[in-house]
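Colleague: Could you walk me through this one? I'd like to start with how the copies meet and then look at some of the side-chain pairs.
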Amino acid sequence: MKVLKYMLIFIPISFIAEFMHASSSIMFILAALSIVPLAGLMGEGTEEISFYSGPKIGGFLNGTFGNATELIISFFALKQGLFEVVKSSIAGAVIGNVLLVLGASMLAGGLKHKTQTFNKKVVEVSSSMLLFAVVGLCIPALFTHTVDVALLNTRYESLSIFVAIVMIAIYILSLIFSFFTHKDIYSADIEEEGLTAKWSLKKAISVLVISTVLIAIESEFLVSGIESITKSLGLSEFFVGIIIIPIIGNAAEHSTGVVMAMKNKMDVALEIAIGSSLQIILFVAPVLIFLSLLFTPMSIIFNQFELIALIVAVLIVNRVSNDGESNWLEGVQLLAVYFIIAASFFIL
Amino acid sequence: MKVLKYMLIFIPISFIAEFMHASSSIMFILAALSIVPLAGLMGEGTEEISFYSGPKIGGFLNGTFGNATELIISFFALKQGLFEVVKSSIAGAVIGNVLLVLGASMLAGGLKHKTQTFNKKVVEVSSSMLLFAVVGLCIPALFTHTVDVALLNTRYESLSIFVAIVMIAIYILSLIFSFFTHKDIYSADIEEEGLTAKWSLKKAISVLVISTVLIAIESEFLVSGIESITKSLGLSEFFVGIIIIPIIGNAAEHSTGVVMAMKNKMDVALEIAIGSSLQIILFVAPVLIFLSLLFTPMSIIFNQFELIALIVAVLIVNRVSNDGESNWLEGVQLLAVYFIIAASFFIL
Amino acid sequence: MKVLKYMLIFIPISFIAEFMHASSSIMFILAALSIVPLAGLMGEGTEEISFYSGPKIGGFLNGTFGNATELIISFFALKQGLFEVVKSSIAGAVIGNVLLVLGASMLAGGLKHKTQTFNKKVVEVSSSMLLFAVVGLCIPALFTHTVDVALLNTRYESLSIFVAIVMIAIYILSLIFSFFTHKDIYSADIEEEGLTAKWSLKKAISVLVISTVLIAIESEFLVSGIESITKSLGLSEFFVGIIIIPIIGNAAEHSTGVVMAMKNKMDVALEIAIGSSLQIILFVAPVLIFLSLLFTPMSIIFNQFELIALIVAVLIVNRVSNDGESNWLEGVQLLAVYFIIAASFFIL
């Protein structure tokens with residue numbers, strides 16, 4: 001985690017570069033390097049605040065701010081009309097969490113602890129919820145790809161809004177489920193921590209505000225550079241959206257997952273990966289659809305690559321969570337699937 | 001359940017309307033409202049008879065008559081050559097049972113009882129059987145959609161008949177399994193009831209005969225009205241087949257499922273939903289294919305929407321049955337998937 | 001198993017027929033009948049050697065030679081440029097193992113022993129590994145079928161090689177997993193056998209060498225006859241590849257699976273079916289891709305029928321392995337799915 005702190009140096013560098021009119025591609029790279037530690041800081045700030053706010057509001061804050069970086073980057077991409085980037089980064093965040101983060105966690109943890117166990121029940125609740133959420137989100141797209149698209153374009157907007165409303169309703173209901181009606185399922189996790197705040201409330205809030213502002217600025221640099229970086233490196237916008245942006249937005253979270261797995265807290269590592277995917281689908285995706293109404297309405301119709309990747313990822317996480325155990329070979333297999341997907345996207 | 005009895009008033013109303021040459025759309029609505037309580041009566045009649053016939057024949061009667069309404073409606077649709085309506089109502093009955101009925105049962109039961117448990121073993125047998133049955137039924141269609149259709153039309157008839165024979169053979173074998181070779185798995189369920197007949201055998205048989213005859217008459221009204229109701233409400237025949245007809249045919253069953261869940265008999269609610277889906281696939285679908293040979297042979301090639309809906313429904317029920325527990329949030333998720341599917345079909 | 005020995009008579013018959021310039025179709029049939037017992041002999045030879053080599057090398061030998069027949073037949077098909085036959089026989093070997101062999105084992109075993117149990121943990125490791133492997137192998141094809149193929153042909157070669165490297169790496173890692181880091185999971189199985197060698201080491205090696213040479217010769221007869229047998233029987237090359245060749249190559253293994261199930265050793269039957277499928281995907285498929293570089297590079301892009309069959313088979317085996325139990329009805333269902341697939345391929 002300390003390495004991340006040193007990366008903060010890229011923030012002033014990116015400002016100087018912008019001032020000196022550096023090329024868009026360079027701005028993309030510098031912004032990417034700046035966002036990684038900022039996302040980490042934002043996560044830390046949220047966690048500190050939750051010590052003061054109590055577990056309920058804290059859980060809500062963590063849930064909502066956990067993917068704030070993703071949301072801010074997507075907001076600027078949306079503003080520029082880069083719908084394909086936005087949609088592919090939603091799918092990419094899910095597969096990144098479920099294959100890359102979980103794979104790396106299981107590999108790192110498994111090498112150190114042989115066979116790791118986790119609370120099957122909690123993970124089953126989340127992973128079956130992820131199945132529902134992905135299925136719900138994908139149904140409009142699954143139907144669309146079998147129909148004449150031109151004919152239906154206008155109707156898709158209203159279908160997308162309907163799906164977005166359903167998703168956000170389930171998000172709110174799931175918060176009620178975990179903080180009110182069924183909070184006992186989760187209690188074990190929270191108690192065992194027993195930590196106290198390192199920062200004062202004032203510092204925590206300041207960090208949160210400043211990192212949010214800086215992420216917003218850097219995201220604008222990043223998004224402006226997408227077009228030129230795709231040209232200069234010969235990548236597709238789709239590849240940037242589905243592989244690169246999710247890694248930038250989630251790097252801090254990823255490292256936490258791996259650290260937890262190495263401490264043999266596989267439950268926490270799984271909750272990070274699956275919980276973060278759930279928030280992307282139930283909260284970030286619908287919010288982006290609503291935000292898009294400010295500019296040009298964005299439909300929630302994923303392309304077929306995104307669909308396949310999403311469904312594959314969800315089937316695998318449901319299988320993995322099934323037996324309450326993990327080992328290094330499972331980690332390798334998850335990573336292998338991720339790299340095969342990434343390589344396939346790369347050659348497209 | 002009492003509300004259903006009051007709905008019987010729609011039978012004479014529909015007869016008067018027919019006599020007064022009411023429009024087809026009005027006949028459709030009146031017939032729909034009449035079939036709902038008649039299907040309920042038929043179910044009650046079958047159950048009463050099974051007290052006299054003993055559990056084996058009773059189980060067989062329940063299984064066979066459980067979807068009689070569906071079968072009768074489809075017979076008349078078949079006679080009129082409405083193949084698309086017939087096929088979509090088969091798929092619709094499965095997704096209705098697995099998503100709508102089960103979702104409503106889990107929601108209603110979960111709100112009252114927090115976490116409900118069920119016999120994992122029995123449900124696993126049925127739900128994995130449902131997976132097999134759906135996969136078997138869908139394979140011809142899955143292959144078809146990737147091939148030039150014109151070329152193969154004649155061959156599909158024989159493939160459909162082959163699949164129908166396999167399905168009905170498995171249906172018979174599954175009856176042998178549950179009533180002879182492995183009846184001990186199911187014994188617990190049956191014993192715990194310990195009820196006695198409310199009706200005399202004569203009354204039960206009369207009710208069964210009369211309700212069957214009336215359903216047949218109303219089904220003819222219903223089917224004749226499909227064309228005009230789709231026009232006047234701007235719905236597609238496909239939507240009528242996949243959403244509306246299954247609700248009409250299964251409303252009585254649905255309400256039983258919810259009532260059982262609220263009595264904390266989640267096993268029974270699950271058996272109604274999954275068992276009814278199984279009968280649709282293993283018994284109703286093949287019988288309809290055989291019956292179609294009397295008119296124009298119908299192939300068992302589902303369209304891609306039906307395939308997706310079927311496979312999604314089956315994957316979800318397999319996931320849900322996996323942990324032997326249910327709660328209100330799972331119910332909400334099942335309902336959400338159902339409504340997203342219905343909304344997608346609606347805009348098609 | 002004794003019947004197999006008598007079939008060795010077809011070897012001299014096939015040689016005489018070749019000498020007498022019999023038609024290619026007859027050579028195909030005679031070669032098929034010769035390969036069945038030879039594959040059985042090769043399996044026996046490998047097993048005998050493993051008594052002398054110790055369990056680690058023995059396990060490796062069994063794994064590697066277990067699908068040697070498949071590999072040799074495919075090598076000659078590759079040499080003749082019959083890519084479609086090679087690819088469909090890879091998919092066919094997996095579905096044959098998972099549906100036909102497992103189905104027959106569960107049916108035969110279940111009729112004798114009612115409900116059979118197996119070590120859920122070991123089977124879960126293999127079956128979830130099979131899910132990963134199939135998903136990894138299918139991803140390039142899944143993406144391909146949604147893109148303009150002409151555009152990308154050259155790039156697919158490098159993607160195929162990348163996937164092949166990943167697969168073989170996972171194969172090696174899985175050997176390390178089962179023989180070194182996690183060998184305790186599997187220990188129970190091996191100990192319980194407690195058998196000794198029937199043959200001298202010299203005899204075992206001789207049998208292995210001779211049967212390999214004879215299989216190679218017969219495979220050349222077989223492959224040369226594919227074209228004329230498809231014409232004379234009106235079958236497609238695809239049907240020969242996906243149904244007939246896998247049955248020829250695995251008949252000996254199949255009979256072992258059924259015998260083990262009847263001895264109530266369901267663990268062994270499952271390991272044969274799933275383990276053999278895993279070797280096909282992780283070892284045979286990549287080796288064939290590498291070998292194809294000697295002639296014309298073969299891509300690993302399955303067609304859509306193969307994809308559907310593979311994914312269906314894997315989903316089913318994951319479902320079946322889930323509860324640690326099997327019965328005759330599950331066996332019937334697996335066989336039913338296999339026959340429906342075979343019938344669909346037949347009419348294509």
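Modeller: Let me begin with the interface of chain C and chain A, across which the rule finds 0 salt bridges. Please keep in mind that this is a predicted model.

Colleague: How many residue pairs are in polar contact between chain C and chain A?
Modeller: The count is 4 residue pairs in polar contact, with both residues at pLDDT 80 or more. On the side of chain C that touches chain A, helix 6 (120-144) and helix 7 (153-181) of chain C each supply at least two residues. The residues of that side of chain C divide into 20 nonpolar, 10 polar and 4 charged.

Colleague: And what area is buried between chain C and chain A?
Modeller: About 2,900 Å² is buried between chain C and chain A, and carbon and sulfur atoms give 76% of it. Phe132(C), Phe143(C) and His182(C) supply 24% of the area that chain C buries against chain A, which is more than any other three residues. In terms of residues, the contact takes 34 from chain C and 30 from chain A.

Colleague: What about chain B and chain C, how many residues are in contact there?
Modeller: There, 34 residues of chain B are in contact with 30 residues of chain C. The two chains bury about 2,900 Å² between them, with 75% of it on carbon and sulfur atoms. Across this interface of chain B and chain C the rule finds 0 salt bridges, and it finds 4 residue pairs in polar contact, both residues being at pLDDT 80 or more. Helix 7 (120-144) and helix 8 (153-181) of chain B each supply at least two residues of the side of chain B that touches chain C, and the residues of that side divide into 20 nonpolar, 10 polar and 4 charged.

Colleague: What rotation superposes chain C on chain A?
Modeller: A rotation of 120° with 0.0 Å of shift along its axis superposes chain C on chain A, at an RMSD of 0.0 Å. That is the relation of a three-fold axis. Chain B can likewise be laid on chain C by a turn of 120° and a shift of 0.0 Å along the axis, with an RMSD of 0.0 Å.

Colleague: Which residue of chain C comes closest to the rotation axis?
Modeller: Among the residues of chain C, Asn322(C) comes closest, with its C-alpha at 5.1 Å from the axis. In chain B the residue that comes closest to the rotation axis is Asn322(B), at 5.1 Å (C-alpha).

Colleague: Do the copies meet through different surfaces or shared ones, say for chain C and chain A?
Modeller: Through different surfaces, because only 3% of the interface residues of chain C are also interface residues in chain A. The corresponding figure for interface residues of chain B that are also interface residues in chain C is only 3%, so these copies too meet through different surfaces.

Colleague: Switching to salt bridges, how many does the structure hold?
Modeller: Over all chains the structure holds 9 salt bridges. One of them joins Lys87(A) to Glu84(A), with the closest N and O atoms 3.9 Å apart. Both residues lie in helix 5 (residues 83-113) of chain A, 3 residues apart, which is about one turn of the helix.

Colleague: Is Lys87(A) buried or exposed?
Modeller: Lys87(A) counts as buried, at 7% relative accessibility, whereas Glu84(A) counts as partly exposed at 41%.

Colleague: Which residue forms a salt bridge with Glu44(B)?
Modeller: The partner is Lys198(B), with the closest N and O atoms 3.6 Å apart. Glu44(B) lies in helix 3 (residues 24-53) of chain B and Lys198(B) in the loop between helix 9 (184-193) and helix 10 (201-233) of chain B, so the pair ties together parts that are 154 residues apart in sequence. Lys198(B) counts as exposed, at 60% relative accessibility.

Colleague: And in chain C, what meets Glu44(C)?
Modeller: The side chain of Lys5(C) meets Glu44(C) in a salt bridge, 3.7 Å from N to O. Since Lys5(C) lies in helix 1 (residues 2-6) and Glu44(C) in helix 3 of chain C, the pair ties together parts that are 39 residues apart in sequence. Lys5(C) is partly exposed, with a relative accessible area of 42%, and Glu44(C) is partly exposed as well, at 21%. In chain A, Lys5(A), Glu44(A) and Lys198(A) are linked in a network of salt bridges.

Conventions: Residues numbered from 1 in each chain as written. Chains lettered and ligands numbered in written order. Predicted model: local features only at pLDDT ≥ 70, side-chain atom pairs only at ≥ 80, totals over all residues. Heavy atoms only, no water. Contact = heavy atoms within 4.5 Å. Buried area = accessible area lost by both parts, 1.4 Å probe. Salt bridge = Lys/Arg side-chain N within 4 Å of Asp/Glu carboxyl O. Polar contact = N/O pair within 3.5 Å; in protein donor to acceptor, adjacent residues only side chain to side chain. Helix = DSSP H or I, 4+ residues; strand = E, 2+ residues; numbered from the N terminus. Nonpolar A, V, L, I, M, F, W, Y, C, P; charged D, E, K, R; others polar. Least-squares fit on C-alpha atoms with pLDDT ≥ 70 in both. Buried < 20%, exposed > 50% of the residue type's maximum accessible area, 1.4 Å probe, protein only.
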